[in-house]
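Visitor: I'd like a quick tour of this structure. Can we go step by step?

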Amino acid sequence: MLRTILILFSMLAYSALSAAQANSLNQSESSQFSQILPLASQSLMLDVSKVSEQKLIAVGERGHILTSTDGTNWQQKTVPTISTLTRVFFLNEDLGWAVGHDSVILKTEDGGESWAVQMYEPDLERPLFDVLFTSPKQGVAVGAYGRFLRTQDGGATWTEEFHDELLIEDDQLYLQELKEEDEELYLDEIRSILPHFNRIKVVGEQWYLIGELGFMAKSDNRGRHWQLLDEIYQGSFFDINVTSQQRLIVAGLRGNLFTSEDMGEDWQQIPLNTKALLNAVILAPNDTVYVLANSGVMLTSKDQGKTFNKSTQPDGKAIIAGVWFNDQLILATEVGLKAVQGQ
């Protein structure tokens, strides 16, 4: 199974699954440091986050982590990994985590100036695509083939959870029978039966989880148990967000964009003038909604996501993530970081 993930290169087929465990690092493998490069800000960047009103942090290929105070000038940090980083999350101005390929998880306690490795499991060949913390101690990370990790101690240890309620009924019955007949084959089968989890989002008291093959689910108990939502299309979803009026927006392949006004029970497809892969849904303080896509496509809505206008960046490069900062959009793209004026 092959997945398109917000970037222009293919992912490997992931086949291994570890048992629930506290993480123990192989220090000889996890002690490689990213190379400081003068053009790091022009390399493949996969996420950018606002740490405070005065600071941004971006992550990308080869373990690159960069900071900026203006969205234009970037400083690369020394990072103890060369694994591609896919997502960064900050709980406050000091405390943050980044995740990525090789199941790497990094933590910072000084606003991204220095980082420590919490997990590194390259043999699994299962990247992580998102990370979320609700307190300094409690957090989750999600990724390829249903990988779902939880920590209760700020990331010092991580436990893997297998949520079989996210399977269709036939697959649940199949696994139940297999577990009774062949425990080893059962453990092997759960390594690939769930879809990739691409994004996890907290909306009020609800958690939402989205991924490939039209997968969507929600939870009202912090991800301990999930309700599988009805399939509305068969392609992958890459981002989900909510407007100030509690209107959910979910974005996927080939210009597929859907909205819901009842917390995900019913969805309406929004017609768009593009077939580009939609990577991210960004909200500005003035309630403008931006959808960022491949081929330099940017979609803008002034009515809570009901209608969108299309524009295209001159370079035509994939826009993978973005954040609103100092009255402008800061974009993470396949050719680095750039600032554009909002509309």
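Visitor: What percentage of the contacts with a separation of 6 or more comes from residues 24 or more positions apart in the protein chain?
Guide: 47% of them. Contact here means heavy atoms within 4.5 Å. A word on the source: this is a predicted model, where local features need pLDDT of at least 70 and side-chain atom pairs count only at pLDDT 80 or more, while totals for chains, interfaces and linings use all residues. Residues are numbered from 1 along each chain as its sequence is written, and side-chain values use heavy atoms, with hydrogens and water left out.

Visitor: Okay. How many helices and strands are there in the protein chain?
Guide: Three helices and 27 strands. Both are DSSP runs numbered from the N terminus: helices are H or I with at least four residues, strands are E with at least two.

Visitor: And why is the chain called as compact as a globular protein of its length?
Guide: Its radius of gyration is 19 Å, close to the 20 Å that the globule rule gives for 343 residues, so the chain is as compact as a globular protein of that length. The radius is taken over C-alpha atoms, and the rule is 2.2 Å times the number of residues to the power 0.38. Along its principal axes, the C-alpha trace spans about 60 × 50 × 35 Å.

Visitor: What share of the residues is buried?
Guide: 58% of the 343 residues. Buried means under 20% relative accessible area, exposed means over 50%, and partly exposed is in between (1.4 Å probe, protein chains only).

Visitor: Let's go inside. Which residues touch the most other members of the largest nonpolar core?
Guide: Ile105, Ala141, Leu166, Phe197, Ile200, Leu209 and Trp226. The core has 31 residues. A nonpolar core is a set of buried Ala, Val, Leu, Ile, Met, Phe, Trp, Tyr and Cys residues joined through side-chain atoms within 4.5 Å.

Visitor: How many bridges join strand 11 to strand 12?
Guide: Two, and the strands run antiparallel. Arginine 150 has threonine 159 in strand 12 as its bridge partner.

Visitor: New topic. Is strand 5 enclosed or open?
Guide: Six of the six residues of strand 5 (85-90) are buried, so the strand is largely enclosed by the rest of the structure. A hairpin of five residues joins strand 5 to strand 6. Five bridges link these antiparallel strands. Arginine 87 stands opposite valine 99 there.

Visitor: Is aspartate 47 buried or exposed?
Guide: Buried, with a relative accessible area of 3%. Aspartate 47 belongs to strand 1 (45-52). A polar atom of its side chain lies 3.0 Å from the backbone nitrogen of valine 88. Aspartate 47 is also in contact with residues including Ile57, Thr86, Arg87 and Ala332, leaving aside neighbours within four places in sequence.

Visitor: Now the chain's later part. What is the order of the open sheet of three strands?
Guide: 25-26-27, with antiparallel pairing. Strand 25 (319-325) and strand 27 (336-341) each have a single partner strand, so one side of each is left without a neighbour in the sheet.

Visitor: How many bridges join strand 25 to strand 26?
Guide: Six. Tryptophan 324 stands opposite leucine 329 in strand 26.

Visitor: What sits in the loop between strand 25 and strand 26?
Guide: Asparagine 326 is there. Asparagine 326 has a positive phi of about 50° although it is not a glycine. Most residues other than glycine have a negative phi. Asparagine 326 is partly exposed, at 44% relative accessible area.

Visitor: What is the phi of arginine 62?
Guide: Positive, about 55°, and arginine 62 is not a glycine either. Arginine 62 sits in the loop between strand 2 (55-60) and strand 3 (65-68). Its relative accessible area is 41%, so arginine 62 is partly exposed.

How values were computed: Two strands pair if DSSP finds at least two bridges between them. A polar contact is a pair of N or O atoms within 3.5 Å; within protein, one must be able to donate a hydrogen and the other to accept it, and residues adjacent in sequence count only if both atoms are side-chain atoms.
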